[in-house]
Structure formats: structure tokens, C-alpha cells
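Reader: I am new to this structure. Please take me through a single part of it in close detail, and then show me what lies around that part.

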Amino acid sequence: MGNQPFHGGEIALQERAGERDIARRLGAGISSRIVEGALPFLGRQRLLAVATTGDDGLLWTSVWSGEPGFVISVDGQSVSILPTFMFVSPDDPVLPRLAIGRDVGMLAIELVSRRRLRINGTVEAISRDEIRIAVRESVGYCPKFIPRRQPHPVDAPVRPTRGESGRTVDEERRTLVEHVDTAFVGSLHPTRGVDASHRGGASGFIRVVDATTLRVPDYRGNGMFMTLGNFEVDSRASIVTVDFERGRVVSFSGSARLNFGVENPGHPTGGTGRYWDLIVREWVQFDLPGAIRWELIDTSPFNP
């Protein structure tokens with residue numbers, strides 16, 4: 001990372017949006033390790049978004065959950081994910097693609113407090129007891145656009161249903177996508193690695209344009225443009241939409257296309273005039289993993 005926390009794609013988007021000065025100030029919070037004050041936060045989390053590529057180069061993003069302590073860091077230089085304490089769907093698209101030396105992006109998120117911690121790095125070791133990831137970069141995120149949810153344990157978890165997959169967005173997937181208020185996005189850079197980030201809004205903030213295109217508004221955030229900056233350099237993208245009420249998840253893999261300067265009043269951006277499209281190549285649907293029920297407390301006051 002050196003003395004420059006941003007790569008060329010991020011800087012180009014910051015300048016295009018007129019937010020370069022904001023990004024410079026906030027860039028000081030990007031670290032090559034997890035700061036000490038964030039370690040207890042990480043150890044309390046029950047939900048983790050994870051993104052990686054496979055041998056075919058496609059990028060996928062998923063959500064994992066577990067008991068508090070299923071993801072921990074002792075020294076801030078590495079993260080341990082403990083499979084014996086976590087819940088992952090048998091149809092999960094990320095876990096089988098992990099391999100030693102492969103880049104991984106993670107986002108630990110505490111929905112009830114709207115706090116989140118972004119971590120990216122490289123897989124160091126994989127065993128039945130531990131997935132260990134060397135930290136390359138970490139930063140805290142602003143709490144905007146996160147609906148608050150309280151986790152509750154479930155005494156009798158519903159038996160998982162068989163996963164589904166496809167290449168086009170049919171009516172069932174359209175209904176699910178246009179219902180959710182929470183998603184996680186995967187992006188990557190050839191030298192900075194893979195990133196996982198949050199996207200949220202009012203129910204229906206993601207729209208299905210056609211059978212192979214999802215459209216996501218880019219609201220005003222922290223000005224660093226880490227996700228869109230990656231798209232500027234490498235178009236590979238993924239998004240996982242999470243339906244907490246119905247316990248369903250759809251992960252889409254494909255490529256991103258940026259759209260600037262076009263505001264659709266029926267699909268507001270909050271004034272940025274920015275959208276990005278995911279051109280879908282493949283999707284998989286599976287049950288939200290874990291014996292947890294997520295109760296909605298309130299929506300974000302920042303939603304357009």
C-alpha cells in the first residue's frame with residue numbers, strides 16, 4: 001500500500017465525483033492491519049460477507065454467520081475463521097473456491113449498531129479447524145444505509161432447502177431482488193486484492209433492468225470509491241442479495257458497468273446521479289445460513 005492508500009481507479013472516481021479532498025482525509029484511516037480497538041468488535045460478530053475468485057476467474061460474494069467468536073484476530077495481522085463455530089450453506093459459492101494464496105475480501109457487520117469493518121487479505125492456511133487470512137488492508141466504514149436488525153437464536157432451525165442456480169434473472173429472482181434492503185458487493189484490483197462492501201437502502205433499491213442486468217444506485221458515502229474504483233480498473237463484480245425475512249440469499253457473479261450523470265426520479269440516487277449495473281453471468285440461490293432470526297428494528301434515516 002505504501003504511502004498512497006488509493007490506487008488509480010479510486011483516485012479517478014474521487015476526482016470525477018469532486019470528492020478527492022474528502023477521500024484524502026478519510027484515507028488516513030486505512031491501515032495495513034486491523035487496529036487494536038477493532039479487535040473486540042470483530043470477535044463479537046455473527047455475520048460476515050466474504051468475496052473471492054475461483055479457478056475460472058469469476059468473482060463471487062457470500063454471507064457466512066456463526067456464534068460470536070467464529071471470526072477473530074489476536075494481533076490484527078491475521079484473521080482466523082473457525083468452521084466449527086460457523087454456519088455456511090452447502091451451496092455456498094465462496095467456501096469451495098478458497099485456496100492458499102488466494103485473495104479474499106471480508107466485511108464484518110453488526111447490524112444492530114450499524115458498525116462495520118472491512119478487511120482484505122490472502123489465505124494463509126485452510127484446515128477443518130481454521131481458515132487463516134493474512135491481513136493486507138483494513139478500514140472502518142460509515143454506518144449509512146444499514147437497516148438495523150437484532151439477531152435472535154432459533155431453537156428449531158428450518159431444514160435447509162436445496163439450492164438453485166441459473167444464468168438469467170427469472171421472475172422468482174426478480175421478486176426476491178426487488179424486495180431486499182441489504183446486499184454485499186465484491187470487487188477486485190490486480191494488486192490490491194479482493195474487496196467486500198455493503199450496499200443498502202429502502203426495500204427495492206436494487207432494480208432488475210432485464211434478464212441479465214441488475215441496477216444499483218450509488219448513494220453518497222464516504223467518498224473513497226473503493227468499490228467503483230475497483231470496477232474502473234477491473235470490471236469483474238459480484239453481489240449477494242439477502243432476504244432476512246424469508247431467509248433466502250441469491251449470489252450473482254458477472255461484470256460491472258458504471259453510469260454517471262443520469263438521475264432516474266423513480267429510482268433515486270439521493271442526488272449523485274450515479275448507478276452501476278451488474279451484467280449477470282451466473283447466480284446461485286441458497287438459504288441464509290445459521291440458526292439465527294434477524295428482527296428488523298428500523299430502516300436507515302439516510303435512505304433517499
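Author: What follows is a close look at strand β17, then at some other parts of the model.

This is a predicted model. Strand β17 covers residues 274-287. β17 is mostly covered, with ten of its 14 residues buried.

Start with the strands beside β17. Strand β16, residues 248-260, joins β17 through 13 bridges. The two run antiparallel. One place to look is Arg257, which stands opposite Asp277 in β17.

Next comes strand β14, residues 213-217. Five bridges join β14 to β17, and this pairing is antiparallel too. Here Thr213 has Ile279 of β17 as its bridge partner.

Then there is strand β10, residues 164-166. β10 pairs with β17 over three bridges, again in the antiparallel sense. Look for Ser165, which faces Val284 of β17 across this pairing.

Trp276 lies in β17. Its relative accessible area is 0%, so Trp276 is buried, the cut-off being under 20%.

What does the ring of Trp276 pair with? Four aromatic pairs are counted in the model. In one of them, the ring centres of Phe231 and Trp276 are 5.0 Å apart. Their planes stand at 55°, so this pair is tilted. Phe231 belongs to helix α5, residues 226-233. The pair therefore ties together parts that are 45 residues apart in sequence.

Follow that link into the helix. Phe231 has a relative accessibility of 5%, so Phe231 also counts as buried. Much of α5 is like this. Six of the eight residues of α5 are buried, so the helix is largely enclosed by the rest of the structure. The buried residues include Met226, Thr227 and Leu228. Gly229, Asn230 and Phe231 are buried as well.

Phe145, Tyr219 and Phe302 form one aromatic cluster. Elsewhere, a charge meets a ring: the charged end of Arg16 sits over the ring of Phe260, 4.1 Å from its centre.

Turn now to the nonpolar cores. The largest has 56 residues. Which of its members touch the most others? They are Ile34, Leu48, Trp64, Val79, Ile81 and Met106.

Take Met106 from that list. Leaving out residues up to four places away in sequence, Met106 touches Leu48, Ala49, Val50, Val79 and Ile81, among others. Its contacts also include Leu117, Arg118, Ile119, Ile133 and Ala196. A second, separate core has 27 residues, among them Val180, Tyr219, Phe225 and Trp283.

One last stop is a loop. Asp181 sits between α4 (171-177) and β11 (182-189). Is Asp181 buried or exposed? Its relative accessibility is 8%, so Asp181 counts as buried.

The side chain of Asp181 makes polar contacts. One is with the side chain of Arg149, at 3.1 Å. Another is with the side chain of Thr182, at 2.9 Å. Setting aside neighbours within four places in sequence, Asp181 is in contact with Pro147, Arg149 and Arg199, among others. Gly200, Gly201, Ala202, Ser203 and Phe205 are also in contact with Asp181.

Technical notes: Residues numbered from 1 in each chain as written. Predicted model: local features only at pLDDT ≥ 70, side-chain atom pairs only at ≥ 80, totals over all residues. Heavy atoms only, no water. Core = buried A, V, L, I, M, F, W, Y, C linked by side-chain atoms within 4.5 Å. Buried < 20%, exposed > 50% of the residue type's maximum accessible area, 1.4 Å probe, protein only. Contact = heavy atoms within 4.5 Å. Helix = DSSP H or I, 4+ residues; strand = E, 2+ residues; numbered from the N terminus. Polar contact = N/O pair within 3.5 Å; in protein donor to acceptor, adjacent residues only side chain to side chain. Phe/Tyr/Trp six-rings, centres within 6.5 Å; stacked < 30°, edge-to-face > 60°. Lys NZ or Arg CZ within 6 Å of the ring centre and 35° of its normal. Pairing = 2+ DSSP bridges.
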